[in-house]
Amino acid sequence: ATASDLLLAAESHHGRLGGSLAQREVIEDTLIEALIRADRDELAIERLERRLGRRPSRFDEAALARAS
């Protein structure tokens, strides 16, 4: 399994893993980067657009440009 596969599987357990919102965002950042590196751009774009809909982010905009 690739890193993106493992992180996608763990995604549904975020609530049970605990941690602050900032810590959860770091996990999501890692997932997005893993998706981009695995050429799974559609999944990365979906997550990035969702995040950008919540709040602006230069980091997310740059990642979206790389995934597009």
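Guide: Let us begin with contacts, meaning heavy atoms within 4.5 Å. Leaving aside residues up to four places away in sequence, Asp-60 touches Leu-48, Arg-51, Leu-52 and Arg-55. The model is predicted: local features need pLDDT of at least 70, side-chain atom pairs count only at pLDDT 80 or more, and totals for chains, interfaces and linings use all residues. Residues are numbered from 1 along each chain as its sequence is written, and side-chain values use heavy atoms, with hydrogens and water left out.

Visitor: With which side chain does that of Asp-60 make a polar contact?

Guide: A polar contact is a pair of N or O atoms within 3.5 Å; within protein, one must be able to donate a hydrogen and the other to accept it, and residues adjacent in sequence count only if both atoms are side-chain atoms. Here the partner of Asp-60 is the side chain of Arg-51, at 2.9 Å.

Visitor: Is Asp-60 buried or exposed?

Guide: Buried means under 20% relative accessible area, exposed over 50%, and partly exposed in between (1.4 Å probe, protein chains only). Asp-60 has a relative accessible area of 0%, so it is buried. Of the 68 residues of the protein, 26% are classed as buried.

Visitor: Which helix holds Asp-60?

Guide: Helices (H or I, at least four residues) and strands (E, at least two) are DSSP runs, numbered from the N terminus. Asp-60 lies in helix α5, residues 58-67. The protein has 5 helices and 0 strands.
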